[in-house]
Amino acid sequence: MDKNRIEGAVRQVKGSVKEAAGKISGNRQLEVEGKSDKLAGEAQSALGKAKDSVKDALR
């Protein structure tokens, strides 16, 4: 498993927590930061998945 997939998953979780904390506290900036982190994590996970697919195809 590519490290980007792992790091991306961690980033998604952190983003979800930030987003939820922002919603609960009414902190719009924290909520937006959480959404941004979540999207970045999804992109990073997709990159890792693509790398894994390429590695598997070359075997």
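This is a predicted model: local features need pLDDT of at least 70, side-chain atom pairs count only at pLDDT 80 or more; totals for chains, interfaces and linings use all residues.

**A buried glutamine and its surroundings**

I begin with glutamine 44, which counts as buried because its relative accessibility is 16%; here buried means under 20% relative accessible area, exposed over 50%, and partly exposed in between, with a 1.4 Å probe and protein chains only. Residues are numbered from 1 along each chain as its sequence is written, and side-chain values use heavy atoms, with hydrogens and water left out.

Glutamine 44 lies in helix α2; helices are DSSP runs of H or I with at least four residues, strands are runs of E with at least two, and both are numbered from the N terminus. Which residues does glutamine 44 touch, not counting residues up to four places away in sequence? They are Asn4, Arg5, Glu7, Gly8 and Arg11, where contact means heavy atoms within 4.5 Å.

Alanine 43 is placed in helix α2 and, at 48% relative accessibility, counts as partly exposed. Its C-alpha is 9.3 Å from that of arginine 5, although alanine 43 and arginine 5 are 38 residues apart in sequence. Alanine 46 also has its place in helix α2 and is partly exposed at 45% relative accessibility. Alanine 46 and glycine 8 are again 38 residues apart in sequence, with 8.2 Å between their C-alpha atoms.

**The two helices**

Turning to the whole fold, the protein chain has two helices and zero strands. Its radius of gyration is 14 Å, well over the 10 Å that the globule rule gives for 59 residues, so the chain is more spread out than a compact globule. That radius is taken over C-alpha atoms, and the rule is 2.2 Å times the number of residues to the power 0.38. Along the principal axes, the C-alpha trace spans about 50 × 10 × 10 Å. Of the 59 residues, 24% count as buried. Among contacts with a separation of 6 or more, 59% are between residues 24 or more positions apart.

Helix α1 covers residues 3–25, 23 residues in total, and reaches 33 Å from its first C-alpha to its last, close to the 33 Å expected; the expected span is 1.5 Å times one less than the number of residues. Just after α1, glycine 26 takes a positive phi of about 80 degrees. The buried residues of α1 are Asn4, Gly8, Gly15, Glu19 and Gly22, and they pack against α2, residues 28–58.

What of the span of α2? Its 31 residues should span 45 Å, and its end C-alpha atoms are 46 Å apart, which agrees. At the start of α2, a side-chain oxygen of asparagine 27 comes to within 3.2 Å of the backbone nitrogen of glutamine 29. Residues buried in α2 include Gly34, Gly41, Ser45, Gly48 and Asp52, and α1 is part of what covers the buried residues of α2.

**Salt bridges**

Side chains of opposite charge can pair when their charged atoms come close. A search of the whole structure finds nine salt bridges, each being a side-chain nitrogen of Lys or Arg within 4 Å of a carboxyl oxygen of Asp or Glu.

One of them joins lysine 18 to glutamate 33, with the closest N and O atoms 3.6 Å apart. Lysine 18 lies in α1 and glutamate 33 in α2, so this pair ties together parts that are 15 residues apart in sequence. Both partners are partly exposed, lysine 18 at 29% and glutamate 33 at 32%.

A second pair lies within α2: glutamate 31 and arginine 28 are three residues apart, about one turn of the helix, and their closest N and O atoms are 3.5 Å apart. Is glutamate 31 buried or exposed? Glutamate 31 is buried, at 11% relative accessibility, whereas arginine 28 is exposed, at 53%.

Finally, arginine 59 and aspartate 56 meet in a salt bridge at 4.0 Å, N to O, and arginine 59 is exposed, with a relative accessible area of 77%. Shared partners also join Lys18, Glu33 and Asp37 into one network of salt bridges.

Notes: A polar contact is a pair of N or O atoms within 3.5 Å; within protein, one must be able to donate a hydrogen and the other to accept it, and residues adjacent in sequence count only if both atoms are side-chain atoms.
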